[in-house]
Amino acid sequence: MPDFYPSHIFGMHDRGAEHLQRQKNRRGWVLVTEGIGADPNNYSGSNYTDLASQGFGVIVRLNNGYGSAGTIPHSSQYDAFAVRCGNFAAASPGCHIWIIGNEMNLAAERPGGPQGQAITPQLYASCFRKCRAQIRSRQGHGEDQVVVGAVGPWNI
């Protein structure tokens with residue numbers, strides 16, 4: 001089993017409650033969301049080694065943005081977003097599990113908002129494949145898990 005899998009299945013959404021797991025001498029998962037945009041010339045990332053070095057599993061969800069910015073960008077920007085995802089992963093020690101987007105079937109998460117471009121399964125698959133290829137092409141990330149984003153089950 002890779003060393004980035006904690007021994008417990010429970011976890012939390014976003015940083016801030018790790019102390020609750022540490023108090024019980026248990027380590028689970030921390031899901032961190034990042035709005036990274038689609039600028040292929042942006043090489044910034046985040047450091048998750050503080051979590052990983054304490055035994056937490058780290059999952060990072062990569063969003064283009066939130067709300068009308070689109071959880072993934074307009075399809076014309078998929079290549080740029082994929083490069084940005086690769087750049088972000090390369091500059092982000094401590095994480096090897098990446099989720100691409102979130103609730104793609106929620107109209108409010110479309111690029112352009114409810115009247116914007118619908119994220120169809122075909123469009124999402126195209127974006128996902130590009131992002132996965134870019135992340136896995138980066139040194140030290142060839143075996144990373146790249147996971148499909150969740151859908152909102154109450155939605156269209």
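This is a predicted model: local features need pLDDT of at least 70, side-chain atom pairs count only at pLDDT 80 or more; totals for chains, interfaces and linings use all residues.

Reader: How many disulfides does the count come to?

Author: A disulfide requires two cysteine sulfur atoms within 2.5 Å. Here the count comes to 0 disulfides. Cys85 takes part in none, and the nearest cysteine sulfur, that of Cys131, lies 3.8 Å away. That separation is too far for a bond. Cys85 is buried at a relative accessible area of 0%, and Cys131 counts as buried at 0% as well.

Reader: How many aromatic pairs are there, and what is the geometry of Phe88 and Trp98?

Author: Ring pairs are classed by the angle between their planes, with over 60 degrees counting as edge-to-face. The count comes to 2 aromatic pairs. Phe88 and Trp98 are edge-to-face, at 6.3 Å centre to centre and 85° between the planes. This pair links distant parts of the chain, with Phe88 in helix 3 and Trp98 in strand 4. Phe88 is buried at 3% relative accessible area, and Trp98 is buried at 0%. Tyr124 and Phe128 form a tilted pair, with 6.1 Å between centres and 35° between planes. Both Tyr124 and Phe128 belong to helix 4, about one turn of the helix apart.

Reader: Where does Glu103 lie, and which side chain of opposite charge is nearest to Glu103?

Author: A salt bridge needs the charged atoms within 4 Å. Glu103 lies in the loop between strand 4 and helix 4. Glu103 is buried yet has no salt bridge, as the nearest side chain of opposite charge, Arg61, is 7.0 Å away. Contacts of Glu103 include Glu109 and Trp154.

Note on methods. Residues are numbered from 1 along each chain as its sequence is written. Side-chain values use heavy atoms; hydrogens and water are left out. Helices (H or I, at least four residues) and strands (E, at least two) are DSSP runs, numbered from the N terminus. Buried means under 20% relative accessible area, exposed over 50%, partly exposed in between (1.4 Å probe, protein chains only). Lys and Arg count as positive and Asp and Glu as negative; His and the chain ends are not counted. Contact means heavy atoms within 4.5 Å. Rings of Phe, Tyr and Trp (its six-membered ring) pair if their centres lie within 6.5 Å; planes under 30 degrees apart count as stacked, over 60 as edge-to-face and the rest as tilted. Lists of a residue's contacts leave out its neighbours within four places in sequence.
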